[in-house]
Amino acid sequence: MGNTPKVAFFTLILLSICTLLGWLKASYALALGLLLGWFSNANYQTLEAKQLNTWASWLLKFAIVALGLTLPIGELVNTAQASFWLTLGVIAGTMLLGLGLAKTLKLNPEQGLLISSGTAICGGSAIAAVGSSIKANQTNMVLSLAIVFILNAIALFIFPIIGNWLELSQTQFGLWAAIGIHDTSSVVGAASQYGEEALAVATTTKLSRALWIIPIALLAVYFNSKSSTQSGQKANIAIPWFILLFIIASIVGSNIELGEMGSLIKVSAKNIFALSLLWMGASLNKTNLMSISPKAMSLGLFLWLVVSVVSLMIIYHYY
C-alpha cells in the first residue's frame, strides 16, 4: 500500500506524455483519466485534484488561443452569424425549461440554476462563472460540475458515432457538437475526431455561445440581489477573457503566413486538448460522483437529451 501514491502519480505522468505525443485520442484520454480519478484520486500526493483541474483549465484556454492562429477571422464571423439564432434559442429554451423543471422536482434552486446554466451555455465554465457571481454553495457547484462532466464524457464517445451514422457534414457535426455538448474541451475533443472543418466550426460556435456567460451571470446576480445585499457580499462577474485572445489570435493568423507551422499548431492544440481532458477526468473523485442526488442527475440528463435531440433535428434539416 505504501507505493500506491507513487504508482498513481507516475501513471498519470506516463499517460500525460503519451497524450502529448498524440498516442491517445481525446476520448481515450478522458476515459483513462476518469478511471484514474475513480481509483486513485486521493493517491497523487504531489498533485492535488483541485490543482490538477486548474491546470487542465489553463491548458484548455492556451490550446484554444493557439488554435485561433489557424482559423481565419472571416470564417469565424460567418460561422458565428450563421449559428446566432440557433444558439440564442437553445440558451433561452434550456434556461426556462431547466428552472421550471428544477422547481417541479423541488430541487435546490441554486443547484437548478447551476445545472441549467451549465447545460445552456458551456458546462463547467458557466457553472463556475454563475456560481461565483451569486456566491453559490461550494457543494452545489461541485455536484453540478460532476453531473455536467459525466454527460460530457458520454457525449465525447457517442456524438462522433451518431454523426457518422447519420452522415452529417463537417459543418453540421461542428454545429451539433457546439450546441449539444456542454464543455468546450469535450466539444473540441469530439469535433477533432470528426474532421478539421468540424473542429473549426465547433470551436467558433462554442466560443460565441460561451460569451452568453456574461448576460446570464448578470441576470443571476439581479435575481439574487436581495440575498447578496443581506449577506453584505458583492457579486463578481467572471468574464471569459480567453475568448478575446482567441479572436486576436485569429486576426493575427489571418495576416501572416504560417505555412507548415500552421499544421504543427493544429496538431499540438489537439494533443493539448486531449491532455486537458485526461487531467479533468483524473481530478474527479469517487466521493463526488457517489454524492449526486437522483433529482439533480435527472434534471441534467433530461436537459442534455432535449438539447441534443432538438438541435440535431434542426441542424440535420436546415443546415
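1. Is N140 buried or exposed? N140 is buried, at a relative accessible area of 11%. Here buried means under 20% relative accessible area, exposed means over 50%, and partly exposed lies in between, with a 1.4 Å probe and protein chains only. This residue belongs to helix α8. Helices are DSSP runs of H or I with at least four residues, strands are runs of E with at least two, and numbering starts at the N terminus.

2. A word on the basis. This is a predicted model, where local features need pLDDT of at least 70, side-chain atom pairs count only at pLDDT 80 or more, and totals for chains, interfaces and linings use all residues. Residues are numbered from 1 along each chain as its sequence is written, and side-chain values use heavy atoms, with hydrogens and water left out.

3. Now the overall fold. The protein chain has 17 helices and zero strands. Its radius of gyration, taken over C-alpha atoms, is 19 Å. A compact globule of 319 residues would have a value near 20 Å, so the chain agrees with that expectation. The globule rule is 2.2 Å times the number of residues to the power 0.38. Along the principal axes, the C-alpha atoms fill a box of roughly 55 × 55 × 40 Å.

4. Next, burial and surface. Of the 319 residues, 50% count as buried. The accessible surface comes to about 15,300 Å², and 67% of that belongs to carbon and sulfur atoms. Areas come from the Shrake-Rupley method with a 1.4 Å probe; for residues, only the protein chains shown count as cover.

5. Contacts reach across the sequence. Among contacts between residues at least 6 apart in sequence, 84% join residues at least 24 apart. Contact means heavy atoms within 4.5 Å.

6. Back to N140 and its surroundings. The side chains of N140 and E110 are joined by a polar contact of 2.9 Å. Such a contact is a pair of N or O atoms within 3.5 Å; within protein, one must be able to donate a hydrogen and the other to accept it, and residues adjacent in sequence count only if both atoms are side-chain atoms. Leaving out residues up to four places away in sequence, N140 touches N108, E110, Q111 and L114. Q111 sits in helix α6 and is buried, at 6% relative accessibility.

7. A salt bridge needs a side-chain nitrogen of Lys or Arg within 4 Å of a carboxyl oxygen of Asp or Glu. K266 pairs with E196, their closest N and O atoms being 3.1 Å apart. K266 lies in helix α15 (residues 260-283) and E196 in helix α11 (residues 196-210), so the bridge ties together parts that are 70 residues apart in sequence. K266 is partly exposed, at 25%.

8. Two loop residues deserve a look. Most residues other than glycine have a negative phi. K106 has a positive phi near 60 degrees. It lies in the loop between α5 (84-104) and α6 (109-122), and K106 is exposed at 72%. E167 has a positive phi of about 55 degrees. E167 is in the loop between α8 (138-165) and α9 (170-180) and is exposed, at 70% relative accessibility.
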